[in-house]
Amino acid sequence: MTSDIVFFLLAAVSVFTALMVVFSKSPIYSVMWLIACFFSIAGHYVMLNAQFLAIVHIIVYAGAIMVLMLFTVMLLNLNKESEPHKSIFTKATAVITGGMLFLVLLAAMRSTQLGAYEAPVTTDVGFVQKVGMKLFTDYMLPFEMTSVLFIAAMIGSVVLAKKERNL
Amino acid sequence: MKEVITNTPPQNWYLVLSTLLFSIGVMGVLLRRNAIIILMCIELMLNSVNLLLVSFSAYAGNTDGQVFVFFIMVVAAAEVAVGLALLVSIYRNLGSTDIDVLSKLKG
Amino acid sequence: MEQFIQPINLIGPSLLVPLLPLLGFILLIFFGKQLKTLGPWIASLLVLGSFVLSVYIFSSLGNENNLDYDLFTWLRWGDVSLNFGILIDPLSLIMLLVVTGIGFLIHLYSIGYMHHDEGFVRFFAYLNLFIFFMLLLVMGNSYLVMFIGWEGVGLCSYLLIGFWFTNDAYNDAAKKAFIMNRIGDLGFLLGMFFMLFYLGGLDYATVLGNASTMEKGAPILIAITLLMFVGAMGKSAQIPLYTWLPDAMAGPTPVSALIHAATMVTAGIYMIVRSNILYSLAPFTLEIVMWVGVATSLFAAIIGIKQNDIKKVLAYSTVSQLGLMFAALGLGAYTSGMFHVVTHAFFKALLFLGAGSVIHAMGGEQDMRRMGGLWKYIRLTAITFLIGTLAISGIFPFAGFFSKDEILAAAFHHKIVWVLLSVSSMITAFYMFRLFFLTFFTTFRGTEEEKHHLHESPWTMTLPLAVLALFAIGAGFLGMPSVMHMPHWFNGFLAPVVETSKTILGESHHVDHSTEIMLMLVATALAISSIIFAYVVYLNRKSIPEQDEETKGFAKWVSNKFYIDELYDRVIVKPIMVLSDIFHVVVDKLIIDLFVNASAWMVGFTGRTLRLVQTGNTGFYIFVMVIAMMVLLLIQLVQ
Amino acid sequence: MLSLLLLLIPLTFSIVIWFTKGMVSRAAALVGTIIQLAFTAYCYNVFLEAGNKPFEYIYQMAVKPNLVFHFSMDGISMLMVLLTNLLLPLIVLAGFSRYTDKANVFYSLMLLMQMALNGVFISFDAFGYYIFWELALIPIYFIAFIWGGQDRAAVTLKFFIYTLAGSLLMLFGFIYLYTYSPQNSLDWEVLRANPICSCEQGWIFWMLFAAFAIKIPIVPFHTWQPDTYKTAPTQGTMLLSGIMLKMGTYSLIRWLLPIVPDGFKEWQYVAITLSVIGVVYASVIAIMQRDIKKLLAYSSIAHVGLISAGVFTMSRVGLQGSLVQMFAHGVNVVGLFFCADIIMNRTGSNQVEGIGGIRKIAPRFAGWFLVIVLASVALPLTNGFVGEFMLLYSVYGYNTWLSLFAGLTIILGAVYMFRMYQKVVLGEPMLENMQFEDLKWNEQLVLGIIGILIFALGVYPEPIFELTEPVLKTLTP
């Protein structure tokens, strides 16, 4: 029972923060709400016995990505409500579309009959040891390839963000 | 082996939750015009998928799902780096991050 | 067919006969520069060699035996194989002797005639090539080999008519000759296809053997013979394909003598005589052959009256005489037709060479209105020319008399034909003597310069004239009419070739001796009256043909050859040219390319239209993407 | 192994030539093609003695999908390989009297093309065949595009897309055949042994036929051809008309006839009628053409129309005739375009009208030109006649009236060829101060070889019959 309550709490936080991300006026607030959202998701991971991911999630997302976002927002001085408003019609369309997508996805999931899992089969799948074994045996090559990806991303972002010289 | 939480809610709930998060992300993308917020909404969508993968992995007892999540995080990190660099560059050129200004692709 | 014993020892010589001129051609074409003076003599001697070999074969083969052998397989597919082989029988022997004999004389003549031409050696190369192809034509043992020669002589005719290739009018004439011949060749080719398909082969033995088992008047045979006759029309200048022959006079005169009078143009007659069994089995075709021959004979003779170019007159007389020969063939008198081929070869070659000698003396002038009174300047030419004229007019005892008389006798049972042919020969006598009188008598009408230039030709030219004149007198005695109680050597010699036809056609309409004498007298009387008429008009009254622009009425039609050339130009040539442009500009560029370009335009249009979907609004893209996702999922759900 | 070498020699030279320069690349190309020719002669010998066994080579590229390179050789392939490798040295040699910009690229592409053509002719698996078929298109596209004349961008694009569209249909056809063949194989033997249901052969026929008809080209799929022939550099045109066009007619015999025999029979009448109409149509157009190369292009359409008509009669004589004529036409058309090139180079004019008088200045050239013209109008004892006789007879065997119609080509061919010859070569020179050097050594050599081939095959075509007869026996009832 306790876990159910914990789940609902966490879920409520996730949804609320996610909505706030979308509806905040200032990008700074959005970033903050998103960080909060990520923490709640990390909580879900812990619930699901995925400790390794939970930690990585917080480090990577909250620690790195969101900080990067924050820096960008502040560096570009976007912290004002400069965004012109969209028409009410557009807004309504967006909300309705989002809602419909939710319904359609739900319906799709229902029809695929995925609800067979009432409880986890084994509980130790998310432990560091297991994930590590998987990562360095079966997924060795993709893992190594990510380094290439990172190099590309690094170089790419440096090139892109560099001030254009007048040639 | 340490004690772990064994008493978990049914997986359907996670499905609903991640679907809801995903839809919110989509809604955000549709609603907002600031490129940074759109980027954040995309992160939100990625996370909803991550959540889904982790839940499946946990319930099916298969570690592969969590490895995927790991890789998604890796890609997301790279993506954000490049995406933000792009944004900075765009901002420098156009003085705005409003995506409606970026209509050079108009046919 | 009867199996003859092959005279193997004759194979070598018979092969050499066509190969010697070919050798001459190759030598002269590749080493022309080195053989500037010697070349023509080599060429002539090689043809003389062929002639000697022909005589040798003639004397050792006789008409009892045939030489028929295959050299190699030329074309084959499946079970069909078409061989390249040689047949020597009485018919080809006669042609061999005529071709090589007259060929040699004309080679000799050309040495004098063409001496000053810069293409002297080239001329002999072409002549040798012509002899080669002509020999192939008459020596082949199948229609296919005959076709090689058939087209080959057409080529040589093209080369020689357009010998002076810097003159575009001559080139046009050459091209016209080749194309007209090609029209006939298509008929020949289709005829061969019919033979191959229905008679199982192309060699004479198979075709004629299989044909003789067929019923008389079978449609297949009629089709074959008609198609082959189209080929003959082209080659032998019969209506409606005759217009190239007068134009072919653009070539040097020896060419006109050799190709367009004595040998090549008679190939059609040779072909029909060769396939006489087929023709005898197709009476319908014979009828057509006869009427075409009669019509051509008369038509060309009428045109001949009003021609003023000395060579054009001779050209139309050739067409007319060829018509006469076809009429003979159509009447079933194959040997008579062949006999006329031989005599005609002599006297027409003589006439052309004589005309050449006149032109030579006049320094290139060909218009009779500017000649006259040449008798005293070039006596030898004039005498030989007179012999030729008498021969063609059919005066006893010149060669033409005998052969023409035979044809008229054969036509006697068919009264209309007989009358028309008699009229035709009467006209022939008239215009030939018109030509003779205008050229050699009355006063000289040319310029002073030309008068000064007048001279008798060198011996290389006069010797052939003399020899041919002898033959023009004597050749007739090869075929004496039965009334003279002498053996008809010619008919006897050719008898093996036509014996099957004889039995098919049944008893020929033999005229009795008194009728025959009567016919001869009538023919001679008609000829003499024409001569007298010509004498009266052109010698007594000394009238000279008026200038071109002065002619009117019917005469104008005649002197313009009934505007047949213009008619062909309007009805066939111009429409094809217009059609060509229409096809190119309208069908190709407009209609077909319209489809091609339309499909390209469709692609472009689709692109331009779909481009509008790209609004450049990112929000819109995402919106569409989400909607699409939903739609896909919904489709999945509904299913 | 031998068949691999046939591909490797030109490929090696193609790569080597890329790194050379100017005169050297030209010489290297000549050496390469001559080596290839010598090797082909050796192959010919081997083939006559040992049949196709030494040429068998199978390389399985992937199991699923079942993609195979299968090289082999039969009489028809041998004939086409001979033609290709015989003409290539001549085409290279034809370029010796003129300067070519970026010669290394040019000759490299040419040798690459040679490899592709050889590949097309020795492939016995539709997969490899298709690859080489498309590969052959690439070098010629660049040759026409880079060294072409007026409007080359538009013309070559049209050519490229036209042929590519056809090839696409062919690809669909092959994929369909692949899916429905019992062992999922595209091997020629397999496809032949297991024809698909005759109800579907009609569609497959049209898909393959579209590609071949465009390549040949058969009217009305021909409109790319005259412009391309005109625009492409002459050596490119020689490749196109001499060899590449034969890919189409070859494929009719190799792929269309054995693999969809029922479809072939079903649509025979349409294909023959189209071909014969094309013969007369192209001949009539050629009469009034003002551009020499376009005139030759239309004459080429007329000739190949007759070839395809012969193939479509499905008779032994038609197939045999078409093979002979393919070889003969390849030789003749290369000669014709070479002569056209010489004329255009020396006079600077590409018009039929307004040149004239060449014979007076350059009699040797005029003589050789005449020989080739005669071969092209199918005079007996030249190679053109042998094929044309057999082809016309095969059409006759199919339908008498059609053969009469097709036979018009004999007359019309003479009309346009002699008209062109007269206007260009005969008469008085019409250009002022016309310089017309007589043949140089390389031109003399090329025309001499072509002349010898013309007469040799015209008098004694037996070697071709010997080579191809065993195959034809298996192809026709």
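These legends describe close-up views of a predicted model.

Local features need pLDDT of at least 70 and side-chain atom pairs count only at pLDDT 80 or more, while totals for chains, interfaces and linings use all residues. Residues are numbered from 1 along each chain as its sequence is written, and chains are lettered from A and ligands numbered from 1 in the order in which they are written.

**View 1. Chain C has 25 helices and 2 strands.** Helices (H or I, at least four residues) and strands (E, at least two) are DSSP runs, numbered from the N terminus. Along the principal axes, the C-alpha atoms of chain C fill a box of roughly 115 × 65 × 55 Å. Of the 639 residues in chain C, 55% are buried. Buried means that 20 or more other C-beta atoms, placed from the backbone, lie within 10 Å of the residue's own. Two residues are in contact if their C-beta atoms, placed from the backbone, lie within 7 Å. Among contacts in chain C with a separation of 6 or more, 80% join residues 24 or more positions apart.

**View 2. Helix α10 (residues 253–262) of chain C packs with helix α14 (residues 310–330) of chain C.** Two packed helices are described by the angle between their axes and the distance between the axes. Here the angle is about 5° and the axes are 11 Å apart. Therefore α10(C) is roughly parallel to α14(C); angles under 35 degrees count as roughly parallel. Axes are lines fitted to C-alpha atoms, for helices over the stretch in contact, and angles run from 0 to 180 degrees between N-to-C directions. From α10(C) come C:T253, C:S256, C:H260 and C:A261; they meet C:K311, C:A315 and C:T318 of α14(C). This contact has 2 nonpolar, 4 polar and 1 charged residues. Ala, Val, Leu, Ile, Met, Phe, Trp, Tyr, Cys and Pro count as nonpolar, Asp, Glu, Lys and Arg as charged, and the others, Gly among them, as polar.

View 3. Chain B brings 68 residues and chain A brings 73. On the chain B side, α1 (11–31), α2 (35–60) and α3 (64–94) each give two or more residues. α3(B) gives the most, with 21 residues. By class, the chain B side has 45 nonpolar, 18 polar and 5 charged residues.

**View 4. Chain A also touches chain C, with 7 residues from chain A and 7 residues from chain C.** The chain A side has 5 nonpolar, 2 polar and no charged residues.

**View 5. Chain D does not touch chain A or chain B.** The closest C-alpha atoms of chains A and D lie 24 Å apart. For chains B and D, the nearest C-alpha atoms are 24 Å apart.

Terms used:
Buried ≥ 20, exposed ≤ 12 C-beta atoms within 10 Å, placed from the backbone. Parallel < 35°, antiparallel > 145°, perpendicular 65-115°, else oblique.
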